[in-house]
Amino acid sequence: MKKGKKASAKLPGKVQRVIKPHPASGEPEKAQIAVEGADHLYRELRVPNKLTDEDGNTVKLQPGTEVEVKIESEESVAATSSTP
């Protein structure tokens with residue numbers, strides 16, 4: 001791997017629902033995302049529903065929104081796979 005490059009993978013997903021917190025909890029609203037290609041038990045992610053668009057505006061995801069989930073690894077922890 002070249003210096004400065006990170007290993008990454010992108011998986012498609014879709015927002016299943018938006019979870020509103022209990023008002024007294026202090027927790028943020030969350031978006032539940034179904035990740036295509038993940039194992040059944042690990043398919044759902046819940047992330048804070050507060051994103052920033054390309055203009056710097058705060059936006060929220062809505063149910064049915066198609067998203068892309070990116071997994072990225074620092075160069076120092078990424079290893080190339082080799083077949084014995």
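1. Lys30 has Pro48 as its bridge partner in β3. The strands β2 and β3 run antiparallel and are joined by five bridges. Two strands count as paired if DSSP finds at least two bridges between them. Strands here are DSSP runs (E, at least two residues), and helices would be runs of H or I with at least four residues, numbered from the N terminus.

2. On provenance: this is a predicted model, in which local features need pLDDT of at least 70 and side-chain atom pairs count only at pLDDT 80 or more, while totals for chains, interfaces and linings use all residues. Residues are numbered from 1 along each chain as its sequence is written, and side-chain values use heavy atoms, with hydrogens and water left out.

3. The sheet is open and has four strands in the order β3-β2-β1-β6, with antiparallel pairing. Its edge strands, β3 (44–48) and β6 (66–73), each pair on one side only. On average, neighbouring strands of this sheet are turned by 40° against each other, direction ignored. Axes for such angles are lines fitted to C-alpha atoms (for helices, over the stretch in contact), and angles run from 0 to 180 degrees between N-to-C directions.

4. Gln32 sits in strand β2 (residues 30–35). Gln32 is buried, with a relative accessible area of 5%. The classes are: buried under 20% relative accessible area, exposed over 50%, partly exposed in between (1.4 Å probe, protein chains only). The Gln32 side chain makes a polar contact of 3.4 Å with the side chain of Glu44. A polar contact is a pair of N or O atoms within 3.5 Å; within protein, one must be able to donate a hydrogen and the other to accept it, and residues adjacent in sequence count only if both atoms are side-chain atoms.

5. Beyond its neighbours within four places in sequence, Gln32 has contacts that include Lys14, Val15, Ile19, Glu44 and Leu45. Contact means heavy atoms within 4.5 Å. With residues up to four places away likewise not counted, Ile33 touches, among others, Val15, Leu45, Leu61, Val67 and Val69.

6. The largest nonpolar core has eight residues: Val15, Ala31, Ile33, Val35, Ala38, Leu61, Val67 and Val69. At least two residues of this core come from each of β2 and β6. The strand that gives the most is β2, with three residues. A nonpolar core is a set of buried Ala, Val, Leu, Ile, Met, Phe, Trp, Tyr and Cys residues joined through side-chain atoms within 4.5 Å.

7. A salt bridge is a side-chain nitrogen of Lys or Arg within 4 Å of a carboxyl oxygen of Asp or Glu. By this rule the model has six salt bridges. One of them joins Glu74 to Lys6, with the closest N and O atoms 3.4 Å apart. This pair links distant parts of the chain, Glu74 in the segment after β6 and Lys6 in the segment before β1 (7–19), 68 residues apart. Glu74 is partly exposed at 46%, and Lys6 is partly exposed at 41%.

8. Glu29 is buried, with a relative accessible area of 14%. Its side chain meets that of Lys20 in a salt bridge (2.8 Å, N to O); Lys20 is exposed at 62%. Glu29 also forms a salt bridge with Lys60 (3.8 Å, N to O). Lys60 lies in the loop between β5 (58–59) and β6, and Glu29 in the loop between β1 and β2, 31 residues apart. Lys60 is exposed at 52%. Elsewhere, salt bridges that share partners join Lys6, Lys70, Glu72 and Glu74 into one network.
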